[in-house]
Amino acid sequence: MLLRAIIGLIYTTSGSIEREKNLSMGAIIENPGFLPEFTGFQNLKLLAGIKKKITDTEIKKAMERVGLNADEPKKIKAYSLGMKQKLAIAQAIMESPRLLLLDEPTNGLDNQSIERIRNLLLEEKEAGKTILIASHNKEDIKVLCDVVYQLENGEISRLYNW
């Protein structure tokens, strides 16, 4: 719920969320709604067409960074769960947003892909991006996070600083 509120998909009933007015954000919130009859590249190209901010080359680079081949003719309906997750991450990073909001970013990935995505996120962090991750994966939290908030019933119950 917190990630949805930050990105503006839901409104809070109490408290407030303040963010920069034109802050660029990329997100994975639950299951992305890709069009099953299109390829991964075609789906990202459609999404990139909304803001018209990036080129086909940048879309292909984002796909390559997550371990997908942009020239793959396979339609989304034939993608594995891991391939869909990688495409979701490519979608989140492709426009180089300053803030990434990621819900369970390594869900459905094999060990090699988990390592690749962790390295990608660490690169994004090194590049000055802010990354908010919601995860039950303790290893992801340990490797990727500087500050950890544990939420219970919508309240911060514990704060960890590594």
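This report describes helix packing and pockets in a predicted model.

## Basis of the model

Residue numbers start from 1 along each chain as its sequence is written. Local features need pLDDT of at least 70, side-chain atom pairs count only at pLDDT 80 or more, totals for chains, interfaces and linings use all residues, and side-chain values use heavy atoms, with hydrogens and water left out.

## Helix packing

Helix α2 (residues 40-51) packs against helix α3 (residues 56-66) at an angle of about 125°, and their axes are 10 Å apart. That angle makes α2 oblique to α3 (under 35 degrees is roughly parallel, over 145 roughly antiparallel, 65 to 115 roughly perpendicular, and the rest oblique). Axes are lines fitted to C-alpha atoms, for helices over the stretch in contact, with angles from 0 to 180 degrees between N-to-C directions; helices are DSSP runs of H or I with at least four residues, and strands are E runs of at least two, numbered from the N terminus. On the α2 side the contact (heavy atoms within 4.5 Å) is formed by G40, F41, L44, K45 and A48, and on the α3 side by D56, I59, K60 and M63. By class, this contact of α2 with α3 has 5 nonpolar, 1 polar and 3 charged residues (Ala, Val, Leu, Ile, Met, Phe, Trp, Tyr, Cys and Pro are nonpolar, Asp, Glu, Lys and Arg charged, and the others, Gly among them, polar).

Helix α3 also meets α5: their axes come within 8 Å and cross at roughly 125°. The two helices are therefore oblique to each other. E64, R65 and V66 of α3 make the contact with R116, I117, L120, E123 and E124 of α5. The residues of this contact divide into 3 nonpolar, no polar and 5 charged.

## Largest pocket

The largest pocket holds about 1,600 Å³ of space. A pocket is an open set of points on a 1 Å grid over the protein atoms alone, where a 1.4 Å probe fits, with protein on both sides within 12 Å along at least five of seven lines; lining residues have an atom within 4 Å of a point. Grid points are joined across faces, edges and corners, and a volume is the space filled by probe spheres set on the points.

Its lining has 43 residues, of which L2, I133, A134, Y149 and L151 lie nearest the centre. By class, the lining of the largest pocket has 23 nonpolar, 10 polar and 10 charged residues.

## Second largest pocket

About 480 Å³ of space lies in the second largest pocket. Among its 24 lining residues, M25, A27, L47, I50 and Q91 lie nearest the centre. The helix α2 gives the most to this lining, with 6 residues. The lining of the second largest pocket comprises 17 nonpolar, 5 polar and 2 charged residues.
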